[in-house]
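This briefing is meant to be read beside the sequence and the model. It begins with conventions and ends with single residues.

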Amino acid sequence: MSLLKITGLHARIEDKDILKGVDLQVNAGEVHAIMGPNGSGKSTLANVLAGRAEYEVTAGSVSYLGEDLLKLAPEERAWKGVFLAFQYPVEIPGVSNMNFLRTAINEARIARGEKEMGGKDFLALVRERAKLVEMDPALMNRNLNVGFSGGEKKRNEIFQMAMLEPKLGILDETDSGLDIDALRIVAGGVNKLRSKDNAFIVVTHYQRLLDYIVPDVVHVMAEGRIIKSGPKELALELEEKGYDWVKEHA
Amino acid sequence: MESTMILDEPKAAVLALLEHSEWPEAGQALARANELPIPGRRTEQWKYTPVAKLFNKSYGKPDGQVPVELPARLPFPATRVVFVNGHFRADLSDDLKTDKGVVIDSIRHHLSHGPLKANYGRIAGIGDRLFTAMNTAAPTDGLIILATKGAKTSQPVHVLRITTAAAGNSPMLIQPRDLFMLHEGASLEVIDEHVAIGAASASLVNSVRESVVGHGAELTLHLLQNEPDGPADIGLDAVQVAENGHFSVDTSTLHGSLVRNDITVALEGSGAHAELNGVYLLNGNAHCDNHSYIGHNVPDCTSDELYKGVVGGKATGVFNGKVYVKQDAQRTRAYQRNANVLQGDLARVYSKPELEIYADDVKCSHGCTIGRMDEQAIFYLRSRGVSEAEAWRMMSHAFVAEVLERIENTQWKEHLGRMMDRKLEDL
Ligand SMILES: Nc1ncnc2c1ncn2[C@@H]1O[C@H](COP(=O)(O)OP(=O)(O)OP(=O)(O)O)[C@@H](O)[C@H]1O
Ligand SMILES: [Mg+2]
């Protein structure tokens, strides 16, 4: 079943065209990797999917679960199961990690017509999901990402993802900044969240992550377009031959 | 162009109301009030807070005996003292004679007593401040608190000042006048809450409070202005702090049609400390002006100021913080910061730090910022499923939390936090 269908997507920021016709279809149960040179538009695509207002969509469409995704506010997308793990998670002084997560979970539940999660259940879930990504409990009560190390921030992103249980998880370079052990743990966490009903888009520069989170499809993005797609072996080939090779053969 | 002649005319009608008062020094004060011009846009200290309109109407004398329904008590123990339209209401107040060595009473009962005579009018000199002259010319009533050597109150004093909608809706001029005196080692905590019942926006509350903080004494004031549809609220806190004395105040303005808070602190003995904190959350047509003056008059004193505000709608926030360091006030430490978040295109903030330093061995810092809420942070929260409005509230709360964190009384801090959250819901 098609979860996400992107057709001819163009987007710009401050009069600069960045996405120049992206086509991508992601079905439930799949993992898609997106690779590509710096500045090719990978984060832009991720942010447009999450609903960041600074990016103006100038053409194309995005259908998510049969609905026009671009019409929805960022929080509505989240309530319907879209999650973006940021390349650069934001530090927010004065907002506690836990309070904010609980608000986020309960707003989603209310929006879906479900009962709010009580304090006890929430804490139980926190304990369980923190274990999944081996997150230091001391970080939970701190202010959101404030003073977190680069790796701790990334781990916190995946912890939040595990708490929110998205249908479409978009991981924007979650691997960069993680040490080797952390990479394995975080990838393991993602794998445990995988099911036939959800899907992941994993943006990365390194084939190594894909050893742990094995993709069904690998895409190469360059200059605002997906110029090549292939099986997981494409990632290996890229690592060996570099992007110029793809550009020449695209 | 403004001319004093034209501006002076409406003042006469207001001042007529203040004649024949028997308060100390009333005659001179009235004469001075007649001389002083209404501050206008060209008066530096009042530039952004237009008060001329307060003199364009005729006020009546406040009625203190109107029946009122008291708001709910604070969620923690406090001795409540109630003033209605400036008049002390013993019938609505708690028993005020509970703590040894502490006198809490209507100031009217003490006008002929020695301690009052020794200090009244001395801390809040009139200078060229018209509102002080008016207040001194004919106070309505007020609160006197005397704490003898080493005396402490067992719980905070909660002063509830209620302004009602006047009968026939004619505006009232209410002039509260307080005197707090803390002798050596005494300590006192006062919550001063202004509330309005009904449409009281045409009235004017012009307050003056003098506080003397003795050697090693400690005075903590929590001021709360929570008056939707409330009166214009012009107030002066004049404080004198002796050696090793400690004065701290937090001013929270959640509503207010026209609010002006003047705080003047004179640090008169080495080791004296003043801490001024403030939060203002403004929307609609609210106007809040926090003006402070801290005089470091002797060596080795410290002061610390932090004011933060979120200003939306067509509201205006004004901050002016003057720190004056006398030539021989060496080793002064004075810190000051004002930070503002503007929402929308019609809100305004004017912020001005003023340091005047004549000593050379000092550490002073000041900073002011006026900005927008961090869009990236808002997007981050929304992308996790926090609605835009809630994300904005969270960020606003986080922004002012730094001020709340400075409040030592945790019960007050939590109560205030909840009230602020409620206010943020409609910002
Ligand atoms: N706010 C912005 N203002 C101006 N240009 C921007 C902005 N955001 C992104 N860009 C530009 O858009 C282009 C694509 O950026 P994007 O972050 O999507 O690249 P990326 O593929 O994620 O790169 P990387 O691999 O380095 O993370 C870049 O040239 C970048 O400079
Ligand atoms: Mg990127």
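The points below cover the two chains, the ligand shell and a few individual residues.

This is a predicted model, in which local features need pLDDT of at least 70 and side-chain atom pairs count only at pLDDT 80 or more, while totals for chains, interfaces and linings use all residues. Residues are numbered from 1 along each chain as its sequence is written, chains are lettered from A and ligands numbered from 1 in the order in which they are written, and side-chain values use heavy atoms, with hydrogens and water left out.

**Chain A**

- Chain A has ten helices and twelve strands; helices (H or I, at least four residues) and strands (E, at least two) are DSSP runs, numbered from the N terminus.
- The radius of gyration of chain A is 18 Å, which agrees with the value near 18 Å for a compact globule of 250 residues. This radius is taken over C-alpha atoms, and the globule rule is 2.2 Å times the number of residues to the power 0.38.
- The C-alpha trace of chain A spans about 55 × 40 × 35 Å along its principal axes.
- Of the 250 residues in chain A, 54% are buried. Buried means under 20% relative accessible area, exposed over 50%, and partly exposed in between (1.4 Å probe, protein chains only).
- In chain A, 68% of the contacts with a separation of 6 or more join residues 24 or more positions apart; a contact means heavy atoms within 4.5 Å.
- Accessible areas come from the Shrake-Rupley method with a 1.4 Å probe; for residues, only the protein chains shown count as cover.

**Chain B**

- Chain B contains seven helices and 20 strands.
- Its radius of gyration is 21 Å, close to the 22 Å that the globule rule gives for 427 residues, so chain B is as compact as a globular protein of that length.
- Along the principal axes, the C-alpha trace of chain B spans about 65 × 55 × 50 Å.
- Buried residues account for 60% of the 427 residues of chain B.
- Among contacts in chain B between residues at least 6 apart in sequence, those joining residues at least 24 apart make up 84%.
- Chain B has an accessible surface of about 16700 Å², and 50% of it belongs to carbon and sulfur atoms.

**Ligand 1**

- Ligand 1 is surrounded by 16 residues, of which A:G39, A:K42, A:S43, A:T44 and A:H205 are the closest. A residue is near a molecule if one of its heavy atoms lies within 4 Å of it.
- By class, this shell holds four nonpolar, eight polar and four charged residues. Ala, Val, Leu, Ile, Met, Phe, Trp, Tyr, Cys and Pro count as nonpolar, Asp, Glu, Lys and Arg as charged, and the others, Gly among them, as polar.
- In chain A, β2 (16-27) and α1 (42-50) each supply at least two residues of the shell. The largest share, three residues, comes from α1(A).
- An N or O atom in the side chain of A:K42 is 2.8 Å from an oxygen atom of ligand 1.
- A polar side-chain atom of A:N38 lies 3.0 Å from an oxygen atom of the ligand, and a backbone N or O atom of A:S40 lies 3.2 Å from an oxygen atom of ligand 1.
- Taken alone, ligand 1 exposes 640 Å², and the protein buries 67% of that.

**Individual residues in chain A**

- A:N47 is found in helix α1 of chain A and counts as buried, at 8% relative accessibility.
- Leaving out residues up to four places away in sequence, A:N47 touches A:R52, A:Y55, A:L84, A:F86 and B:F379.
- A:K196 lies in the loop between α7 (180-193) and β10 (199-203) of chain A and is exposed, with a relative accessible area of 67%.
- With residues up to four places away in sequence not counted, A:K196 touches A:A28 and A:G29.
- The C-alpha atoms of A:K196 and A:M1 are separated by 9.9 Å, with the two residues 195 apart along the chain.

**Positive phi in chain B**

- B:N244 is not a glycine, although it has a positive phi of about 55°. B:N244 is found in the loop between β11 (232-241) and β12 (246-253) of chain B and is partly exposed, with a relative accessible area of 45%.
- B:D300, also not a glycine, has a positive phi of about 65°. B:D300 lies in the loop between β15 (287-296) and β16 (302-311) of chain B and counts as partly exposed at 34% relative accessibility.

How values were computed
Polar contact = N/O pair within 3.5 Å; in protein donor to acceptor, adjacent residues only side chain to side chain.
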